[in-house]
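Please look over the sequence and the structure shown here before reading the notes on helix packing and charged pairs.

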Amino acid sequence: MNLKECYAALGGDYDGVISRLRSERMVQKFALKFLADGSYDLLRQSMDQKNYEEAFRAAHTIKGVCQNLSFSRLYESSSQLSEALRSGWTPEADVLLPQVEQDYLLTTDALKELSKEAGA
């Protein structure tokens, strides 16, 4: 899987990220670093512990990283969750979390495949 195929698989905006970061090498470097980011684990743990302030920060971080890397699908779902948690827990947050989980797994699966192909 090449970088463009990876972006298609994860529901991202390949052209947008290339226009912002200017090279595939740079995009791939930062995209693969996403796999080591602990924000998703922090989100899950914070939601389980009902620490909604920390869950908001984690969702907001995921949203920002995804916006910068043009991971559009995960950006949209994490953005909605972030807004739902902005003032603390809401019933909507519990409804939105499964979509973030699904989009996160889709994104990381595509990135792992890219990493294998790139030998990273």
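The model is a predicted one. Helix α6 (residues 72–85) has 14 residues and reaches 20 Å from its first C-alpha to its last, close to the 20 Å expected at 1.5 Å a residue. The structure holds six salt bridges.

**Helix α6**
- Among the buried residues of α6 are Leu74, Tyr75, Leu81 and Leu85, together with the serines Ser77, Ser78, Ser79 and Ser82.
- The buried residues of this helix pack against α4 (39–48), α5 (52–69) and α7 (91–118).

**Helix α4**
- In α4, Ser39, Tyr40, Leu43, Ser46 and Met47 are buried; seen down the helix axis, these buried residues fall within an arc of 130°, so they line one face of α4.
- The cover over the buried residues of α4 includes α5, α6 and α7, whereas the face turned away from the buried side carries the exposed residues Asp41 and Asp48.
- Just after α4, Lys50 takes a positive phi of about 60°.

**Salt bridges**
- In helix α5, Glu53 and Arg57 lie four residues apart, about one turn of the helix, and they form a salt bridge whose closest N and O atoms are 3.1 Å apart.
- Arg57 also meets Glu54 in a salt bridge (2.4 Å, N to O); Arg57 counts as partly exposed because its relative accessibility is 39%, while Glu53, at 56%, counts as exposed.
- Glu113 forms a salt bridge with Lys116, with 3.5 Å between the closest N and O atoms, and the two residues are three apart in helix α7, so about one helical turn separates them.
- Arg44, Asp48 and Glu101 are linked in a network of salt bridges.

Notes
Residues are numbered from 1 along each chain as its sequence is written. This is a predicted model: local features need pLDDT of at least 70, side-chain atom pairs count only at pLDDT 80 or more; totals for chains, interfaces and linings use all residues. Side-chain values use heavy atoms; hydrogens and water are left out. The expected span of a helix is 1.5 Å times one less than its number of residues. Buried means under 20% relative accessible area, exposed over 50%, partly exposed in between (1.4 Å probe, protein chains only). Contact means heavy atoms within 4.5 Å. The arc is that of the directions from the helix axis to the C-beta atoms. A salt bridge is a side-chain nitrogen of Lys or Arg within 4 Å of a carboxyl oxygen of Asp or Glu.
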